[in-house]
Amino acid sequence: MRHKAVLIRGDGTGPELCEAVLKVLDASGAQIDWIEAEAGEKPLKRGEPIVPDRTIELIKQYKVALKGPMTTPIGKGSVSANVTLRKKLDLFACMRPVWALPGVPTPFKDLNIVIFRENTEDLYAQVEYYNTPDVAVSLKIISRPGSRRIVEFAFEWARANGRKKVTAVHKANIMKISDGLFLQTAREVAQKYPDLEFNDYIVDNMCMQLVTRWRNFDVLVLPNLYGDILSDLAAGMMGGLGVAPGANFGRDCAVFEAVHGSAPKYAGLNKVNPTALLLSAVLMLRHLKETEAADRIEQALYAVLQEGKIRTYDLGGTAGTQEFAQAIIAKMS
Amino acid sequence: MKLVGADVYLWSKEVPTVPEQIGPFALRFISNRGTRVIQPIAPHAEFSDWWCCRYRADREVSHDDVHSLLETLSQKHVWTQAQKLFEINGANAYSEPY
């Protein structure tokens, strides 16, 4: 079946990563017509919003997008393209799966956890004020509907994908009202899923447990800030941001993206590992029910990683982005 | 610090209908959890029942002006929190929504 999907090539190394990933997707047999859209530095330099309205409308129309990494300009008044996409498309569920990849060195054997991070509220609402010249405040907004939909999403995904346990992560022992609301809501939602085990951990303890007893965890669900931090911690456990995929889901749309930055200092050098974006594309294929193509890419990638002959610099090799992609394509054929 | 406006947080099931102008203040936007909602966003975006209405003047206002703003809004709405907006050295001392 042919699909249509929006492609945002992104900034820095984004275009060369997308080029590599598109070649692999083409070779996998997946039939995707790409609708190109822009976000990030290019529209910003033309004086347009960092995510032009056309891009938002295209994603709303086609429902699915693959996005290369984008640069968030540093400086007063600048906004993040990633956060803008999440807000404007109401992509409330950020999924960050982490697992031990064959051939990628990690001390965390058998790692296999899927993290769901709430994407639209908490301190990421970015509601901030100076109340006096010496005191600034940031509102941590946790809502019952916002908590409910992310926890339900995590449970639904866990059930649909044969997972056994969902763990809610919070700091309700200190933030008894805001994180307390998240935890209370999670407990209420959990009652609707008696077939799945549910427990909860305080976020600081969770950090320690993750790196000492990672096999005890299956699916994690967290408010925005804790989810942001723990998902990068977990990406490190997997082997680094160069291999960690991500997806953002709303009710109607989904945007698939590598979780690393645009690495502008490597732009045009054909150096960066495309695995994170490729695995994000695999998540997209599974979302589109293109299971065969997804399996084919994953198996070829695993074979290349396992052999270890062709590796990018982050995994101790010298292969370039395109060479690594070609090795995966060769395995598929 | 120069007082220039207020964010008034209203408790409402729907996007509240509020005056565009109250005294020296103009309504700049309504947001929900940091996301601007006056312009339509996601087709089925979901919101909480807590809406931020930003009223900003184009000059320095008095604290009494803010009290009057609250009194006017109170006639038809329930506000649960209000935050005065300041400029510090000519720069806005508050964030903007997405």
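# Reading a sheet and an interface

Guide: Start with one strand. A:A93, A:M95, A:P97 and A:W99 point one way from β4(A), A:C94, A:R96 and A:V98 point the other way, and all are buried. Buried means that 20 or more other C-beta atoms, placed from the backbone, lie within 10 Å of a residue's own; 12 or fewer is exposed, and in between is partly exposed. This is a predicted model: local features need pLDDT of at least 70, side-chain atom pairs count only at pLDDT 80 or more, and totals for chains, interfaces and linings use all residues. Residues are numbered from 1 along each chain as its sequence is written, with chains lettered from A and ligands numbered from 1 in the order in which they are written.

Visitor: What is a strand here, and how should I read that two-way pattern?

Guide: Strands (E, at least two residues) and helices (H or I, at least four) are DSSP runs, numbered from the N terminus. In a regular strand, side chains alternate between the two faces of the sheet.

Visitor: Why is β4(A) largely enclosed by the rest of the structure?

Guide: Because seven of the seven residues of β4 (residues 93–99) of chain A are buried.

Visitor: Which strands pair with β4(A), and in which sense?

Guide: Strands of a sheet pair through backbone hydrogen bonds, either parallel or antiparallel. Pairing needs at least two bridges found by DSSP. β4(A) and β5(A) run antiparallel, joined by seven bridges. There, A:P97 stands opposite A:V114. Three bridges pair β4(A) with β11 (residues 245–249) of chain A, also in the antiparallel sense. A:C94 faces A:N248 in β11(A).

Visitor: How do β5(A) and β10(A) run, parallel or antiparallel?

Guide: Parallel. Four bridges join β5 (residues 112–118) to β10 (residues 219–222) of chain A. One partner pair is A:F116 and A:V221.

Visitor: What is the order of the strands in the sheet?

Guide: Read it as β2-β1-β3-β12-β11-β4-β5-β10-β8-β9 in chain A. These 10 strands form an open sheet with mixed pairing. β2 (31–37) and β9 (197–202) are the edge strands, each pairing on one side only.

Visitor: Now the interface. How many residues of chain A are in contact with chain B?

Guide: 25 residues of chain A, with 18 residues of chain B. Contact means C-beta atoms, placed from the backbone, within 7 Å.

Visitor: Which element gives the largest share of chain A's side?

Guide: α4(A), with four residues. The elements giving two or more are α4 (81–88), β6 (128–132) and α5 (144–160) of chain A.

Methods
Two residues are in contact if their C-beta atoms, placed from the backbone, lie within 7 Å.
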